[in-house]
Amino acid sequence: MAGAIADGAPAGGRDALSAVTGIAQRSVTVWQGRVPFRVHTKGQGPAVIFFDGPWGLHWSAFLDALATRFSVFAPEHPGTTPGEPDAVRHVDGLWDLVLCYDELLDRLQLQDVMLVGHSFGAMVACEMAALRPSRVRRLALIDPIGLWRDDAPVTNWMLLAPQDLPAYVFREANGAAAKALFSTPENVDEAALARTNLIWAMGSTGKFIWPIPDKGLRKRIHRVEAPALLVWGEDDRLVPFVYAEEFARRLPRARVEVVKGAGHAPHLEQPESVASLVQPFLTG
Amino acid sequence: MKISAFHLMPHRELPADFERRYPSVWVTPPWWELADARRVGQYYNWTLDELLYAARAGFDGVCTNEHHQNAYGFMPSPNLMGSVLAKMTNDLDVAIVQMGMTLPTTTPPVRVAEEYGMLDCISGGRLVAGLPLGSPMDVNLAYGITPMEHRDRYREAFDLVLKAWQAKEIFPWNGKYFQLPMVNLWPRPIQEPHPPVWVPGSGSISTFDFAVEKNVCYCFLSYAGAKAARSMMDGYWEVVERKGLEKNPYRAGFLQLVAVSETDARAEAEYARHVEYFYHKCLHVPAQWFAPPGNQDYRSLLAAQRNPVRRAEDPKTLRYRDFVDKGYVIAGSPATVRDRLIEEVVKGLRVGNLMILVQIGSMPHELTLKNIDLFAREVLPSLREIWDDDGWENHWWPERLRTARQPVGATR
């Protein structure tokens with residue numbers, strides 16, 4: 001999991017800043033002291049919260065691009081922070097999860113935010129925007145889950161053989177983006193840790209969507225007030241493109257953009273294209 | 001020793017190329033292509049007849065179990081089978097061993113307490129109450145329970161069932177997964193304070209820790225034989241000792257595949273293809289389905305990734321002689337089977353409650369009866385008294401059945 005942040009670093013109790021990448025970590029504990037969040041931050045400007053997908057927080061060129069204009073805050077989902085795997089056990093369902101994130105934004109004193117999310121994280125972002133419509137100014141969803149159609153089922157990535165996962169998430173199973181997210185280190189112990197963290201990240205997020213990723217967002221989505229941008233990888237093999245229409249139809253002000261040469265994670269396979277769509281949307 | 005006959009109720013006639021044509025025997029095998037309801041009715045009746053035959057032939061108990069959406073063993077309701085067996089064996093000193101009704105998928109779980117109460121009443125107090133966690137394929141895939149909540153739900157359901165059996169007063173249950181305002185179980189079981197509890201497992205350390213914590217019988221349901229189970233069972237006995245409990249062999253159960261014929265050569269001629277059918281077709285499941293993300297806790301997952309001690313060999317690469325050599329199956333003449341069972345399984349693993357899988361894969365009805373008959377006449381009598389001299393009490397067996405069964409001649 002080269003490049004993945006949640007890879008063996010100690011659980012940070014204090015803020016840290018890497019001189020090389022300029023990414024700082026902040027630790028904030030919510031939920032009566034039971035759920036510790038580690039938040040990666042970079043950049044100056046209006047606040048953008050990035051909710052990552054179900055494979056662990058992965059700082060990418062896309063987030064670097066956003067950080068040139070915005071203050072990017074990227075929290076790790078409960079359970080995926082190194083040293084705190086059991087934090088997720090205190091979050092019983094989606095309602096708890098959304099309130100934990102709401103509390104996190106309060107604690108970070110971010111009253112007025114823009115939300116960007118990918119996959120599972122895009123569902124979380126959409127739920128957040130439905131919970132507190134007045135807090136969210138812009139909503140950018142990259143290949144979100146959260147809705148369901150029987151005629152176009154979302155593939156359950158948790159049931160795929162590990163070696164098949166890259167081909168489902170990426171257009172190019174052997175491309176650089178796939179390697180950055182899924183390849184394991186050569187060192188045997190580090191590889192075991194990376195595999196464990198990947199599986200655990202899927203379990204910790206899968207807890208909120210098993211066995212069908214429809215937990216009622218369709219009943220709440222009308223509450224969203226922010227303008228929305230839907231970004232979809234043209235060759236998404238996990239979440240079919242019909243869901244772009246499903247989201248667009250339900251969101252009050254939504255625009256759909258298709259990214260060529262990308263699968264379920266276009267911001268990783270085509271970071272410049274996606275940044276060039278998302279940045280102006282957030283600015284405008 | 002207590003020796004029970006175990007049955008999975010498998011599909012006995014899968015096509016020869018099944019494992020190449022279909023991705024899995026569990027969850028996704030297409031019913032309309034592979035099965036016929038009338039024929040399946042025949043399988044259920046054969047299964048009942050075979051277990052009843054074993055009961056009459058002298059086995060101490062008959063075991064059924066719960067699985068869903070598969071051709072490997074499809075008794076979605078073990079208690080439907082168990083109630084027939086209970087009624088039909090009322091004249092015999094045979095235990096009804098339900099291995100059993102799956103706790104995390106039964107809602108509300110007092111249903112388990114109720115149905116087991118019924119079975120204990122119908123059988124006159126002959127029930128062994130298996131309280132299984134259920135396989136991930138059944139619980140997470142077929143029945144949709146969140147993998148990360150699987151064990152938590154199990155523990156809560158377990159405590160609720162035990163309390164429902166024993167409580168003298170009506171009580172409210174305000175659990176995380178189940179809320180019941182007025183629990184007042186009808187009927188209560190005959191056995192007091194409750195029927196003996198067995199917890200089946202497939203080698204997970206947290207399951208046998210749980211069994212020790214609750215002072216119940218841990219049953220290792222293994223298809224890889226005693227050699228592969230040795231380190232796991234040694235670990236179990238270490239935990240028992242560390243907790244200051246007596247190393248009573250009856251707190252361990254073990255499932256063994258057995259095929260008996262007149263000679264070793266005849267056993268191979270008669271059983272080889274059925275054994276291979278079982279390992280090649282009935283266990284044909286994508287490996288990752290045995291542990292969906294979240295099903296194993298973080299520490300166990302990391303330990304498994306760091307140290308894949310028991311990385312199972314692919315049984316599809318093995319043939320009958322491999323299965324026999326490795327002890328996956330104990331097969332051969334009565335003498336061969338008797339010696340290997342005693343040495344490798346009973347004494348090797350320190351097992352007091354032995355379960356014998358008497359019908360394996362495609363094994364037809366007549367051959368199954370032969371296997372049961374030879375085992376009951378030629379093997380079982382030499383096992384029965386093994387732990388007697390040590391004076392152990394089988395606390396995990398119905399009290400009225402703890403003395404040795406009188407030898408009963410098989411009546412075909």
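Which residues of strand β4 (residues 127-130) of chain B are buried, and on which side does each sit? Select the strand (a DSSP E run of at least two residues; helices are H or I runs of at least four, and both are numbered from the N terminus). Leu127(B) and Ala129(B) are buried on one side, Val128(B) and Gly130(B) on the other, leaving both faces covered. Buried here means 20 or more other C-beta atoms within 10 Å of the residue's own, with 12 or fewer being exposed, anything in between partly exposed, and C-beta atoms placed from the backbone.

A word on what you're viewing: this is a predicted model, where local features need pLDDT of at least 70 and side-chain atom pairs pLDDT 80 or more, while totals for chains, interfaces and linings use all residues. Residues are numbered from 1 along each chain as its sequence is written, and chains are lettered from A and ligands numbered from 1 in the order in which they are written.

Look for Gln98(B) opposite Ala129(B). Now show β7 (residues 197-201) of chain B: this strand pairs with β4(B) in the parallel sense over 2 bridges (pairing takes at least two DSSP bridges). Here Ala129(B) has Val197(B) as its bridge partner.

Finally, jump to helix α10 (residues 264-282) of chain B and centre on Tyr271(B), where there is a kink of about 55° (the angle between axes fitted to the seven residues ending there and the seven starting there). Tyr271(B) is buried, as are others in α10(B), including Ala267(B) and His274(B).
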